[in-house]
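Let's look at how two chains meet. Have the sequence and the 3D view open as you read.

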There are 2 protein chains.
Amino acid sequence: MTTATPQRGLQLRSLMQPDGTLDLALHSVEIAPPKPDEVVVRVEAAPINPSDIGLLFGAADLETVASEGSGAQAKATARVPERALRAMAARMNMALPCGNEGAGTVVAAGSSAAAQALLGKTVATFGGAMYAQYRTAKDDQCLVLPPGCTAADGASCFVNPLTALGMTETMRREGHHALVHTAAASNLGQMLNRICQKDGIALVNIVRKPEQAKLLREAGAKWVCDSSAPTFMSDLTQALVETGATIAFDATGGGKLAGQILACMEAALLQQSKEYSRYGTTTHKQVYLYGGLDTSNTELSRGNLGMAWGIGGWLLTPFLQRIGPHAAQRLRQRVADELKTTFASRYSREISLPEALQRDVILGYCKRATGEKYLINPSRGA
Amino acid sequence: MTTATPQRGLQLRSLMQPDGTLDLALHSVEIAPPKPDEVVVRVEAAPINPSDIGLLFGAADLETVASEGSGAQAKATARVPERALRAMAARMNMALPCGNEGAGTVVAAGSSAAAQALLGKTVATFGGAMYAQYRTAKDDQCLVLPPGCTAADGASCFVNPLTALGMTETMRREGHHALVHTAAASNLGQMLNRICQKDGIALVNIVRKPEQAKLLREAGAKWVCDSSAPTFMSDLTQALVETGATIAFDATGGGKLAGQILACMEAALLQQSKEYSRYGTTTHKQVYLYGGLDTSNTELSRGNLGMAWGIGGWLLTPFLQRIGPHAAQRLRQRVADELKTTFASRYSREISLPEALQRDVILGYCKRATGEKYLINPSRGA
């Protein structure tokens, strides 16, 4: 039995135009009746993650953001600088739906038993196009939230929790025993701190400000290094000697930080080795760049790295494919089990879809300040 | 039965002093009688590879090289700039023997049958300290040269041949089907070109000068891209579309080249993909830095790389350990079998140990010009 499906719904899309204008608008899209293995979710909570901001605004200059209209007619525009247009060539003229993850109520279900079982349930799902009043999803991509959890509680079930778990999982699979994380006071960083404390993993937290260091120490973090301190390099080396961390996940991507981490890892290893080799130590040191908060070039000074090092991109979806469905399901189950503890997310503001297109609101969520995280509730006010 | 062993021999050593002076001199060292599984090789040919120059001169400023003395008293000094001293801290006050590989005649052997069987034979060996009149080696680290091969023919049996074979082997083991090589007109690059032609592997050769491109084309190379050409980026992208290469070995290390290779690989892949993802293609692209001809920082512009990429150091010895003794032996045997064809090395000049410490000779072999490769014959003129 298929419940009556809503006919149309609003969906936030980002369109890059050849003249360098980026248009964000709410499109009224048709909601097709769900196929047997599909459900239609009324989205009630979808977080704005850094990765979402990347898709929403690309390389646009936020100074140029302008808004017009209200309700379903709300629009925002921004200019992409000439030099950045090439990097956005591949998405030219495509109106891209946004929003990686979210949660809400299943309001229609396909004929399969699995889909029908979800009807009326509060579920979390992911895979894009969540900044929308309705989102059709496969039944097996829905995570039923535990009793007592609201859509807001489960909105961030996937990206941050699975990324954080992906880090400790990658650490183990690649033979490391402790890890380093940058931008460590972020929502994701705090989550990783809780995971590592629970699992007994030594975590070196790198932050940029004393107040972020304080926040993490108050949350029980043992190793916190402030990159704005003049003693940063020796602090980090000491933390690496104590923890033995030889893998790092870097959210910033640009500048010299990744290379500094590798250099400190090598320095820490050299302190413990006796023999000289001009190729450095034989222990492999790895930094994965999983974000690009700093859009400047990544710069490596190789003189102090030795030869046993690697840098590379790290992305959640290919990681989950690599570990296979069983291992991925184990991670998802842990998220559901610890949704209100280890994986709890806090939001500083809940906004509607039209509000997400207002200049002042945009500047707010694009700031990505520590402790500032916005939640879109598409079921509100459009 | 142990043959009479030479009592002492000269050995070239490089000593970094705390005051910033690098001293190169010939040390008279004792030759211990060989243990049962050892032999003593009279070294007759040892090449000067870029990796040897690194150990000989470190971060020294070659402008400051000065020589004095002659014969066994020959010495050379050079200054290491203040800012580079930290990178050489680990080798401070150690008089390091130099010379990664070489060949010569076995003049003494330990009591084991394997060692005795080598007596009088011309063998190649490696592992450092080859710029010496005599070098003690384990019997199983000696490669007996095929009949008709001189020590000079076999002097470069290990570093270049195994590095070149290590590249195609790494390519296969990591799931790639074609490869890119920089500084492709080098002795190593020409060898790799011969291997790839023989094995039917598509190789994209990157050079810096038109005359290097000409040299490779005349040697049958199909894809040659000159990084000094204004069309370099589009030439390289086109070569990558044609070959499908997604792994590169970069001898330069510094500057923007590694990032440019990754960006062109991604551009080539995007030409063949239809769907847009802001994370780029899902095909992993890898650049290994195996040398540091360009000592400036490695700079990556990440905007056009996607997320599926990696950069890392690559070094022969850990590679051989990783593949295990059987696979390594298979590579060594191929080198011996094709020593006068695929793996032939040419030398522009043969010098004695004292000559290797003369300023004008030093400036010659440190130039690393295409086609310039020096061979030290320690059995001559000291």
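Two strands pair if DSSP finds at least two bridges between them. Strands (E, at least two residues) and helices (H or I, at least four) are DSSP runs, numbered from the N terminus. This is a predicted model, where local features need pLDDT of at least 70, side-chain atom pairs count only at pLDDT 80 or more, and totals for chains, interfaces and linings use all residues. Residues are numbered from 1 along each chain as its sequence is written, chains are lettered from A and ligands numbered from 1 in the order written, and side-chain values use heavy atoms, leaving out hydrogens and water.

**The strands that meet**
- β17(A) and strand β17 (residues 294–300) of chain B run antiparallel, joined by three bridges.
- A:Thr298 has B:Leu300 as its bridge partner in β17(B).

**How much is buried**
- Chain A and chain B each bring 39 residues to the contact (heavy atoms within 4.5 Å).
- About 3,000 Å² is buried between them, with 58% from carbon and sulfur atoms (buried area is the accessible area, 1.4 Å probe, lost on being put together, summed over both parts).
- In chain A, the residues losing the most area to chain B are A:Tyr276, A:Arg302 and A:Met307, together 22% of what that side buries.

**Where chain A's side comes from**
- α1 (50–57), β15 (253–255), β17 (294–300) and β18 (309–313) of chain A each give two or more residues to the side touching chain B.
- β17(A) gives the largest share of that side, seven residues.

Methods. Buried area = accessible area lost by both parts, 1.4 Å probe.
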